[in-house]
Amino acid sequence: GTWYANEADKSGTYVDSWVLYNWFDNKVMGQDQATESYRSSGVTASVEAGYSVKVGESSRKSYWIQPKAQAVWMDVQADDHRERNGTRVKDETQGNLMTRLGVKAYISGHNAIDDGKSRTFQPFIEANWIHNTQPTRIRMDDVSNDMRGSRNIGELKTGVEGQITPQLSVWGNVAQQIGDKGYSDTQGMLGVKYSFK
């Protein structure tokens, strides 16, 4: 669910929320090791709020800055698993509250051939600081391992969002995250959304 203070041009305050139930079939393959398969499932939920400010405008484009904050509850747990070599693997990750604080700069506009149509595109760049309350932790027999450097992360993201028709939107982005202790994560996403009336 999403609420805008100004639905017409999406300026001012907005609040966005979502809840997902997730289930996965996972597979791990190691060099000279048998392939292991296991399942995981759980709930993730998010609340995000921000404020969109128009900082400039031309005939077909407007320029925006959007500070925002997000809180995401993540509680996806993997089933206990015994590997073929006898090692017992247990997911010890507790529910994690991830917070994201950042700012997004974007251009909203359309090409001359799209005059009078509902087609718009928004290229953007975004910088965020991410904090996780719990590390990802797993126990293998009597040895506990966790993901180091993921408690505080810097993120830079760039991409584009597009409204093709009033019901059809598409998006794509690439994000790079960096933490301490050598933590690094590169992500890419493509999406399509169709809204039924």
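Which residue in β4 is the bridge partner of G56? Select G56 in this predicted model and look across to β4, where Y63 is its bridge partner.

**The pair around G56**

Now extend the selection to residues 36–57, which form strand β3, and residues 61–78, which form strand β4. These two strands are joined by 15 bridges and run in the antiparallel sense. Strands of a sheet pair through backbone hydrogen bonds, either parallel or antiparallel.

**The nine-stranded sheet**

Next, display the whole sheet to which β3 and β4 belong. It is an open sheet of nine strands with antiparallel pairing, and its order is β1-β2-β3-β4-β7-β8-β11-β12-β13. At its edges are β1, residues 2–4, and β13, residues 184–194, each of which pairs on one side only. From one strand to the next, the twist averages 20°.

Select Q33, in the loop between β2 (12–28) and β3. Is Q33 buried or exposed? Q33 is exposed, because its relative accessible area is 51% and the cut-off for exposure is over 50%.

**The nonpolar core**

Select V72, M98, I130, I153 and Y183 together; these five residues make up the largest nonpolar core. In soluble globular proteins, nonpolar side chains tend to be buried together. Centre the view on I130 and display its contacts beyond four places in sequence. They include the core residues M98 and I153, and also T99, R100, R151, N152, E155 and Q177.

Move to strand β6, residues 88–91, and strand β9, residues 137–140. They run antiparallel and are joined by three bridges. Within this pair, V89 stands opposite M140 in β9. β9 and β10 form a hairpin with two residues between them. Select D141 in the turn, where phi is positive at about 55°.

**The loop between β11 and β12**

Finish at Q167, in the loop between β11 (152–163) and β12 (168–178). Is Q167 buried or exposed? Q167 is buried, because its relative accessible area is 18% and the cut-off for burial is under 20%. Which residues are in contact with Q167, leaving aside neighbours within four places in sequence? Select K193, Y194, S195 and K197 to display them.

Definitions and conventions. Residues numbered from 1 in each chain as written. Predicted model: local features only at pLDDT ≥ 70, side-chain atom pairs only at ≥ 80, totals over all residues. Heavy atoms only, no water. Pairing = 2+ DSSP bridges. Helix = DSSP H or I, 4+ residues; strand = E, 2+ residues; numbered from the N terminus. Axes fitted to C-alpha atoms, helices over the stretch in contact; angles between N-to-C directions. Buried < 20%, exposed > 50% of the residue type's maximum accessible area, 1.4 Å probe, protein only. Core = buried A, V, L, I, M, F, W, Y, C linked by side-chain atoms within 4.5 Å. Contact = heavy atoms within 4.5 Å.
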